[in-house]
Amino acid sequence: MSNLISPGKLIGIIGGGEIARMMALSAKKMGYHIGVMDPEKDCPAAQIADWQIIAQYDDQEALMDFAMKCDVVTYEYDNIDADAIIRMKKTVPVPQGADLLSIIQDRLLEKAYLEASNINLAPYVTIVTVEDIKWAINEIGFPCVLKTISERHNGKDRCVLQSEEDIFKAAFLLKRGTCVLEAWIPFERELSVTVARNQANQIVVFPVAENIHRNAISLESIVPARIDHYVEEEIERIARTVAENLEVIGILGIGMFITSSGTLYVNEIIPRPHHTGNYSIEACSLSQYDAHIRAICGWPLPEIELLSPAVMATMLAEQDEAIKVQIQLKPNWNFHYYGKEKATKGQRIGHITVLTKDIEKTLATIADTGIWK
């Protein structure tokens, strides 16, 4: 039996954004108290939490103070220094651990891990100088993508190269350190899968989502993804392999591409619940947040059932007024607001989930609002 952290204990969450808010809502439902550490006062998760430590994520004193107050710690913010987690683990359990963070904070290490698990990746080359780019392009060809190895999730960590002229345009990324040049995969669909594992090595996989992105923001997710059954089985195999090999405790998201010939390429690993899994709140027998809290607190994990096909759409700050009109018109839509009072253009303020028997019809209804162009 794994160590149970019983209801009534205190879960600390590092990071206070919408993912942390939804973790906190799940934990509250399961009887836990919540503390949040985030630099922003009254951030989305702090609105749900019992208390907040307002501090930067690299404030060692604040992290130790936070550790002392909690029975278990989880993180939403995945750029926290892995060494800080190692130090915290001497005081409090941090089931997600530091190893996973070290791996996903270094794209080269992440790729090495995936390759060792026989998982298909886009061809890539390590880049240190502009000369390396020129040499690598002979091997990889255009188009290709130059990415920093450490910064991610901000859209400013990459540059697409279409031709020779773009080489110098992309060179600014090298000022941030070593980069990786990846072949551009002409994908047909972007897919993601969410997998949970607990300390007893129970692994459960959520249904595969098909994601539509615009300007590096996930616009819509369609579940189940419009893919063949054998592709689904392969994605489930990948999810289980990655969760086991990385010894995940909690939720892990895996982003991937599929080409028209049915080849899968893993693109990234997200070491926590991820917005593409938010459909699970209504559409599944257990949400990704409930699964995460169960896993880090030593509860068993049930098999996940898809209760209904669903379409999820992201709500951005600039769509707020138009979406409020839809509240009056769409009684069967589920509206989730993240409590971001000061959101600016392009920022996520919430999501909607529509349970449906007819995905295509629902996509058309969403398109007809004119909000998600």
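## What covers helix α10

Among the elements that cover the buried residues of helix α10 are β1 (10–14), α1 (18–29), β4 (72–75), β9 (187–197), β13 (250–259) and α9 (280–283). Cover is judged by contact, meaning heavy atoms within 4.5 Å. Buried means under 20% relative accessible area, exposed over 50%, and partly exposed in between (1.4 Å probe, protein chains only). Helices (H or I, at least four residues) and strands (E, at least two) are DSSP runs, numbered from the N terminus.

Helix α10 covers residues 288–296, and nine of its nine residues are buried, so the helix is largely enclosed by the rest of the structure. The buried residues include Gln288, Tyr289, Asp290 and His292. After α10 comes Gly298, with a positive phi near 80 degrees.

## Basis of the model

This is a predicted model: local features need pLDDT of at least 70, side-chain atom pairs count only at pLDDT 80 or more, and totals for chains, interfaces and linings use all residues. Residues are numbered from 1 along each chain as its sequence is written, and side-chain values use heavy atoms, with hydrogens and water left out.

## Overall build

The protein has 12 helices and 17 strands. Its C-alpha trace spans about 60 × 50 × 40 Å along the principal axes. The radius of gyration is 21 Å, which agrees with the value near 21 Å for a compact globule of 373 residues. That radius is taken over C-alpha atoms, and the globule rule is 2.2 Å times the number of residues to the power 0.38.

Of the 373 residues, 57% count as buried. Among contacts with a separation of 6 or more, 61% come from residues 24 or more positions apart. The accessible surface comes to about 16,400 Å², and 50% of it belongs to carbon and sulfur atoms. Accessible areas come from the Shrake-Rupley method with a 1.4 Å probe; for residues, only the protein chains shown count as cover.

## Strand β12 and its partners

Strand β12 covers residues 217–223. Seven of its seven residues are buried, so β12 is largely enclosed by the rest of the structure. Two strands pair if DSSP finds at least two bridges between them. Five bridges join β12 to the antiparallel strand β11 (residues 209–214). There, Glu210 stands opposite Ile222 of β12.

Strand β15 (residues 310–316) also runs antiparallel to β12, with four bridges. Ala313 in β15 is the bridge partner of Glu220.

## Thr194 in β9

Thr194 lies in strand β9. Thr194 is buried, at 5% relative accessibility. Beyond neighbours within four places in sequence, its contacts include Val204, Phe206, Ile251 and Gln288.

The bond from Phe142 to Pro143 is cis, with omega near -15 degrees. Pro143 sits in the loop between α6 (130–140) and β6 (144–148). The bond from Val223 to Pro224 is cis as well, with omega near -5 degrees. Pro224 is in the loop between β12 and α8 (229–245).

Asn201 has a positive phi near 65 degrees. Asn201 is in the loop between β9 and β10 (203–205), and is partly exposed at 34%. Glu247 has a positive phi near 50 degrees. Glu247 lies in the loop between α8 and β13, and is exposed at 58%.

## Annotated binding site

An unreviewed UniProt entry places the feature "binding site" at residues including Arg107, Lys147, His213 and Glu268. UniProt positions are given in the numbering used here, feature names are shortened, and annotations may be inferred rather than shown by experiment. Arg107 is in helix α5 (residues 107–116) and is buried, at 4%. Glu268 is in strand β14 (residues 264–270) and is buried, at 18%.
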